[in-house]
Each structure stands twice: as C-alpha cells, then as structure tokens.
Amino acid sequence: MSFAPTCAARTARTRAARTRTAAVAVLLAGATTLATAALAAPAQAAGGHRAASRFDDGSFETPKVPANSFSEFNAGQSIGPWRVTAGSVDLLGAGFWQNAEGDQSLDLNGADSGTVAQTFTTVPGATYSVTYALAGNSAGGPAVKTGKAEIDGQNFQDFSFDVTGKTFAAMGYVGRQFSFVARNATTTLAFASTVRGAYGPVIDDVQVKECKPCCGS
Ligand SMILES: [Ca+2]
C-alpha cells in the first residue's frame, strides 16, 4: 500500500516540524503490516456504541459539562462520539480555561492517565490527515505532558507539551499533524496520555480529512 509521502510533504504549511512529523508517520505506516494482530476491533460495537459514521466532534463539544467546571469520564464511558478506552479523562467546560476551538477541550488525565478513541468510516487505501491542537494542564506537574496518537491501536505519533509559563488563560496551544492510510472501512483514532498523575496533555480541535488527492490542498 503506497503512502504517497510526496503528498504529505506538500501539506499546506511546509514548516519543518510538520514535514518532520509526516516523515515519521511514513516510517511508522510502513510497519503496519507487522502489527495486524494489534488492530483494534472495528467499530467497537460490543459496547453498545453507535454504528460507525464519519469522524465527528473533534472539538469535544458534547456532552456539555457545567461552565467553569469539568467532568471526569472513566474507561467504558462515552464522550459524544468518543469513548474512554483506558483510565480516565476530564472534559473541561466553558470558561474553565482557554480552548483551541469552541467551548470545551479534553485533559487526557482524569484521576490518572487516560485514553479516548473514536471509530469512523474510512475508504480503504485512502490517505487521511489528522490535525489537532495540543496544550497541557498547568495546574500540576510534571511540567512536560506526554502522550501518543494511535491508529487502529498502533502508535502513529508521540507528542509532548511543556506547560512551563503557560496559564489557563494562555494555554499556548500548538498544532500537530500526521497522516495515515486507511486499511479498512472503519478506522479507530485514539489519543492516550503517557504521563502519570491528574494533570495531563490537553487536546482540542481534532480534525480528520481525506487527502484528495493531497493533504492541505
Ligand atoms: Ca473544543
């Protein structure tokens, strides 16, 4: 399965970081054939979750949690089209801190490190670009929040964010991007914290777009 690295490399903003990220994704994508057994079960229907549809609510706007507060969600619970697949996470309500998009965002650490995942329809063989905004919960240590983005249970991108000097009012969101080639009619995208404690990486504004024919065009 070709990955079309030249396509990923032409992604709209050819900042060095993005190009480097795409190159990493290419390398990782090449290893997918070795990890078929690790692929997540399509659609995760066993949990009573909705049938897979298009990727949705990458902004974590549903359900609404109380303004200036947050709600903890634990493994097995759903957050709109997402579900918590490990540990716990916190969904932050409007006004709690700065969001990258909309009124809410997600701390990947609730009581401790957590993972959220969403399964959505994809066209096998098509290339998709995933973008997301990354920050961190500066209310507690460690300063460097780490996590990873996974496609069908396979690590596609490690990420880290240093909250030093950041505040709830100025979260300092940065954009991250990687690409993947869909292998099946559904794909599961997950974000997992890899830092312990109650103050984790914060994500918002997750977008998944099919590259037709190129990402960023
Ligand atoms: Ca949001």
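## Terms and model

A residue is buried if 20 or more other C-beta atoms lie within 10 Å of its own, exposed if 12 or fewer, and partly exposed in between, with C-beta atoms placed from the backbone. Strands (E, at least two residues) and helices (H or I, at least four) are DSSP runs, numbered from the N terminus.

This is a predicted model: local features need pLDDT of at least 70, side-chain atom pairs count only at pLDDT 80 or more, and totals for chains, interfaces and linings use all residues. Residues are numbered from 1 along each chain as its sequence is written.

## Strand E11

Strand E11 covers residues 186–193 and is mostly covered: 8 of its 8 residues are buried. Thr186, Thr188, Ala190 and Ala192 point one way. Thr187, Leu189, Phe191 and Ser193 point the other way.

Two strands pair if DSSP finds at least two bridges between them. Strand E6 (residues 115–121) runs antiparallel to E11, with 7 bridges. There, Thr115 has Ala192 as its bridge partner. Strand E8 (residues 144–151) also pairs with E11 in the antiparallel sense, over 5 bridges. Glu150 has Ala190 of E11 as its bridge partner.

Strands of a sheet pair through backbone hydrogen bonds, either parallel or antiparallel.

Strand E7 (residues 127–136) has 9 of its 10 residues buried. E7 and E10 run antiparallel, joined by 8 bridges. Tyr132 stands opposite Arg176 in E10. E7 also pairs with strand E12 (residues 201–210) in the antiparallel sense, over 8 bridges. Gln207 in E12 is the bridge partner of Thr131. Elsewhere in the sheet, E4 (residues 88–92) and E5 (residues 105–107) share 3 bridges in the antiparallel sense. Leu92 has Ser105 in E5 as its bridge partner.

## Met171

Met171 sits in the loop between strand E9 (154–162) and strand E10 (174–181). Why does Met171 count as buried? Because it has 23 C-beta neighbours inside 10 Å.

Two residues are in contact if their C-beta atoms, placed from the backbone, lie within 7 Å. Leaving out residues up to four places away in sequence, Met171 touches Trp97, Gln98, Ala135, Lys166 and Val202. Met171 and Ala135 are 36 residues apart in sequence but 6.1 Å apart in space, C-alpha to C-alpha.
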